[in-house]
Amino acid sequence: MPRRRLLGMLLVAAVLAMPAAVAAKSLGSVTSKSLGAWVLTGGPSVPTVVAWTPFTGTDGTSLVGQTLNGTGTWASDSGTWTISSNRAGTPTSSLGNLDIHVGTQNATVVVTLTIGASANAGVVALRNNSNVALFATYSLASGGTIQLNKFSGTTTNLATVTGVGTPSTAEFKLDATTNTIKISFNGTQVMSYALSAGDITALKAAANDRFGIFADNDGVTRFDDFHVDT
Amino acid sequence: MHTTQEIAEAVPGRRLGRRFRRGSMIMMGVGAFGVAGASAASLGGLTAQQIGADNGAVASCDTDGVTLAYTSAYDATTGVYRITTVTVSGLNVACNAKTLNVTLTDASNASIGTGSATIASTSQAVTMSPTASAKLVVGAALLVTG
């Protein structure tokens with residue numbers, strides 16, 4: 001091959017050997033979608049917690065005289081109430097109450113029970129300083145029984161419901177409105193009692209503003225996460 | 001690449017022919033051009049591209065409004081009721097499979113609770129995390145994306 005032609009071929013080859021330009025990469029597309037938007041005003045309707053305590057403290061600490069979060073100081077007419085494993089209990093087998101002034105007769109008292117083998121415990125409501133009160137208790141009888149009793153010198157059973165269940169722990173709630181007492185156990189309403197005129201006279205006076213916890217010869221059941229709402 | 005002068009000096013006494021000299025010049029040009037070509041290639045090419053997306057209308061999947069319900073639970077640690085779930089109802093089926101975002105706001109319009117869920121029906125529950133104190137909630141902002 002003539003040298004001139006060879007040199008020409010080499011020149012062409014050198015040009016063709018140059019790398020191709022690098023194409024710029026695609027950045028892709030940018031998409032943003034918003035398919036619905038609303039602004040709603042207004043908040044939920046929830047109770048106001050006026051007093052609460054988780055019963056946290058040193059074992060053996062007496063609860064009488066202790067101040068709760070929010071408002072109220074524990075008082076007791078009977079029973080020895082102390083802290084045990086960050087719960088309240090009355091270690092002696094006796095009848096006893098532990099309650100606070102709430103300042104109203106329309107309130108809801110809530111507590112979590114750790115239920116003992118001989119359970120007979122619950123809440124007290126609408127108590128005055130003369131020990132006129134409502135007591136609602138839970139026992140393990142008949143698949144779980146709740147009794148609503150009125151004490152005014154003597155004890156009168158107002159209502160009883162059975163078969164509410166026998167869990168090891170349960171939330172126990174008593175809701176006192178103007179004319180009605182409602183009780184819920186473990187999140188389910190199990191009782192609704194309409195107060196009689198006599199009940200209202202005895203229990204709805206201004207002095208009947210104490211709400212709290214109650215045990216009747218139950219030294220095993222423990223109480224936790226207590227609060228009173230209005 | 002050797003120059004014509006260097007080649008002449010390497011072979012003493014030899015005069016380089018005109019053809020050789022011409023070929024050398026051509027090769028040097030190719031070499032120089034090749035180097036320059038490689039340099040140009042390393043810079044890459046500049047290609048103008050349009051990378052913006054076109055605007056287009058995005059239709060709302062629900063045009064007749066929704067309703068909202070709160071679920072609260074007592075928090076024994078803080079002694080308040082907190083919003084645990086927000087249920088949005090009245091969602092159009094066209095919103096199915098899209099994401100529903102809920103933001104709870106307080107009186108200063110600050111976000112105090114959020115949650116999101118994939119819409120599966122006309123009524124969708126959204127679990128809130130963090131949970132907000134129910135007493136502080138004065139409103140909610142809802143957003144559907146997808």
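Start with the largest pocket of this predicted model, which has a volume of about 250 Å³. To find the pocket, select Pro47(A), Glu171(A), Lys173(A), Asp229(A) and Tyr81(B), the lining residues that lie nearest its centre. The whole lining holds 15 residues. By type they divide into five nonpolar, six polar and four charged.

Next, colour the strands around the pocket. In chain A, select strand 7 (107-114), strand 12 (169-176) and strand 16 (222-229); in chain B, select strand 1 (67-75). Each of these supplies at least two residues of the lining. Which strand gives the largest share of the lining? That is strand 12 of chain A, with three residues.

Now show chain B on its own. Chain B has two helices and six strands, and along the sequence they follow the pattern α-α-β-β-β-β-β-β. Of its 146 residues, 27% count as buried.

Stay in chain B and select Asp62(B), in the loop between helix 2 (18-43) and strand 1. Asp62(B) is buried but has no salt bridge. How far away is the nearest side chain of opposite charge? It belongs to Lys98(B), 12 Å away.

Another stop in chain B is Arg82(B), which forms a salt bridge with Asp75(B); the closest N and O atoms are 3.0 Å apart. Arg82(B) is partly exposed, with a relative accessible area of 21%.

Over all chains, the count of salt bridges comes to five. Go back to chain A and select Asp77(A) and Arg127(A), whose side chains meet in a salt bridge at 2.0 Å, N to O. This pair links distant parts of the chain: Asp77(A) is in strand 3 (residues 75-78) and Arg127(A) in strand 8 (residues 120-127), 50 residues apart.

The last stop is Lys150(A) and Asp199(A), whose side chains meet in a salt bridge at 3.0 Å, N to O. This pair also links distant parts of the chain: Lys150(A) lies in strand 10 (residues 145-151) and Asp199(A) in helix 2 (residues 197-203) of chain A, 49 residues apart. Both Lys150(A) and Asp199(A) are buried.

Technical notes
Residues numbered from 1 in each chain as written. Chains lettered and ligands numbered in written order. Predicted model: local features only at pLDDT ≥ 70, side-chain atom pairs only at ≥ 80, totals over all residues. Heavy atoms only, no water. 1 Å grid on protein atoms, 1.4 Å probe; cavity = no way out; pocket = protein on both sides within 12 Å on 5 of 7 lines; lining within 4 Å. Points joined across faces, edges and corners; volume = space filled by probe spheres on them. Helix = DSSP H or I, 4+ residues; strand = E, 2+ residues; numbered from the N terminus. Nonpolar A, V, L, I, M, F, W, Y, C, P; charged D, E, K, R; others polar. Buried < 20%, exposed > 50% of the residue type's maximum accessible area, 1.4 Å probe, protein only. Lys, Arg positive; Asp, Glu negative; His and termini not counted. Salt bridge = Lys/Arg side-chain N within 4 Å of Asp/Glu carboxyl O.
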